[in-house]
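Subject: Structure for your files

Dear colleague,

Here is the structure I said I would pass on.

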Amino acid sequence: MLDAKVALSPINVDFARQALIWRIDALVALAFLVLVFLIVAGCGWQWWRLWRGTQPLVLHESKFVSLAQLSVVRR
């Protein structure tokens with residue numbers, strides 16, 4: 001009977017709730033780290049393919065437009 005009272009004391013209930021929050025925080029942090037690792041690994045894989053020459057280097061640049069060529073609109 002004494003064990004049941006100790007198990008349901010407010011201190012133990014608060015500690016159990018805090019332990020659950022710590023587990024949730026750890027899972028969120030782990031998920032974030034996994035996503036960061038996947039992004040970094042994907043970027044590294046693309047760079048490796050570019051350096052080895054197995055992926056063609058394609059540039060997507062716009063045509064150069066000088067500021068002198070732009071028309072100035074005055075109101």
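Predicted model: local features only at pLDDT ≥ 70, side-chain atom pairs only at ≥ 80, totals over all residues.

Residues are numbered from 1 along each chain as its sequence is written, and side-chain values use heavy atoms, with hydrogens and water left out.

Aromatic pairs

The structure holds two aromatic pairs. Rings of Phe, Tyr and Trp (its six-membered ring) pair if their centres lie within 6.5 Å; planes under 30 degrees apart count as stacked, over 60 as edge-to-face and the rest as tilted. Phe15 and Trp22 are edge-to-face, at 6.2 Å centre to centre with 85 degrees between the planes. The pair of Trp47 and Trp51 is tilted, because the planes are at 40 degrees, with ring centres 5.6 Å apart. These two Trp residues are four residues apart in helix α2 (residues 10–52), so about one helical turn separates Trp47 from Trp51. Helices here are DSSP runs (H or I, at least four residues), numbered from the N terminus.

For exposure, buried means under 20% relative accessible area, exposed over 50%, and partly exposed in between (1.4 Å probe, protein chains only). Phe15 is exposed at 53%, whereas Trp22 is partly exposed at 48%. Trp47 is partly exposed at 49%, and Trp51 is exposed at 65%.

Regards
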